Each structure stands twice: as structure tokens, then as C-alpha cells.
Amino acid sequence: MTHILLPFMILPMYSVMKTIPPSYLRAAKSLGATNWTAFWRVYFPQSVPGIGAGSILVFILSIGYYITPEIVGGTKGVFISNRIAYHISSSLNWGLAAALGAILLAVVLILYWAYDRIVGIDNVKLGG
């Protein structure tokens, strides 16, 4: 799962970080900032949209990963998608599966709302 989802995090971050002009860091250093301060106060805030885009992309893709724990650990997987699939197909408890699906939807919407408040959906960019 990590090997598959890692490029979905790295590539948006790289494309955004590539567009940040290095002259900003040189200007911060010429004004007396240390390397760490220049990174933290100049470079990092401009790279937040790339980090946010990669994070939401990986999060949305990882929600549906219920086959990996099935292969590795059997039916004892801790992902909520495993529980939903189990209650739909094996125990036939569709009410509980629907409730778990509604909880999963609510959690995703709350996280998406929090992401919008922190990063802002309009600020998400994938480069240039």
C-alpha cells in the first residue's frame, strides 16, 4: 500500500515545490534569516498546497484499500472498509454496513471540511 500510494504524495509535492523560486530563500537569507527560518517561514508555507493535494489524494485512495488486509491478515483487518465488506457479503447485516458506511462518509466529509479550512480547496494546485 505504501509503495503504491507514495508517488501520489510525492508527485504533487514535487510539482508545487518546483515552482517556488529559489530567489525567495536567497532574499530571506540576505535579510538575516537562518537556513531553518528561511525554510520554515518562506518555503514551507508556499509548499502547503502541494502537501495538501497529495494528502487528500492519498487519503481518498487509501479509504478503499480493503483487499490488502484481507491478503495479509485475513478477516481481522482493522480498516472500516473491511468491516463494511464483511457485513454486506458474509454476515448479511446490511443495516450495520449502511451505518458504518454513513460513519465513513461523515468522517470523510469532516476531514474534507477541515482540509478546506486549513489549506483551502482553491489553493490546491499541482504545479505551475
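**View 1. Overall fold of the predicted chain.** The model is predicted, so local features need pLDDT of at least 70 and side-chain atom pairs count only at pLDDT 80 or more, while totals for chains, interfaces and linings use all residues. Residues are numbered from 1 along each chain as its sequence is written, and side-chain values use heavy atoms, with hydrogens and water left out. The chain has 6 helices and 0 strands, in the order α-α-α-α-α-α. Helices (H or I, at least four residues) and strands (E, at least two) are DSSP runs numbered from the N terminus. Of the 128 residues, 23% are buried (under 20% relative accessible area; exposed is over 50% and partly exposed lies in between, with a 1.4 Å probe and protein chains only). The chain exposes about 8,800 Å², with 70% supplied by carbon and sulfur atoms (Shrake-Rupley method, 1.4 Å probe; for residues, only the protein chains shown count as cover). Among contacts (heavy atoms within 4.5 Å) between residues at least 6 apart in sequence, 58% join residues at least 24 apart.

**View 2. Helices H2 and H3 cross.** The axes of H2 (residues 22–30) and H3 come within 9 Å and cross at roughly 145 degrees. Axes are lines fitted to C-alpha atoms, for helices over the stretch in contact, and angles run from 0 to 180 degrees between N-to-C directions. Tyr24, Leu25, Ala28 and Lys29 of H2 meet Asn35, Ala38, Phe39, Val42, Tyr43 and Gln46 of H3.

View 3. Ile4, Phe8, Leu57 and Leu61 make a patch of about 320 Å². Patch residues have over 30% relative accessible area and no salt bridge, and nonpolar side chains (Val, Leu, Ile, Met, Phe, Trp, Tyr) are joined within 5 Å, like charges within 9 Å. A salt bridge is a side-chain nitrogen of Lys or Arg within 4 Å of a carboxyl oxygen of Asp or Glu. H1 (2–18) and H3 (35–63) each supply at least two of the patch residues. Leucine 57, in H3, is partly exposed at 35% relative accessible area.

View 4. Leucine 96 in H6 is partly exposed at 34%; its C-alpha is 9.3 Å from that of arginine 83, 13 residues away in sequence. Glycine 101, also in H6 (residues 94–118), is partly exposed at 26%. The C-alpha atoms of glycine 101 and alanine 85 are separated by 10.0 Å.
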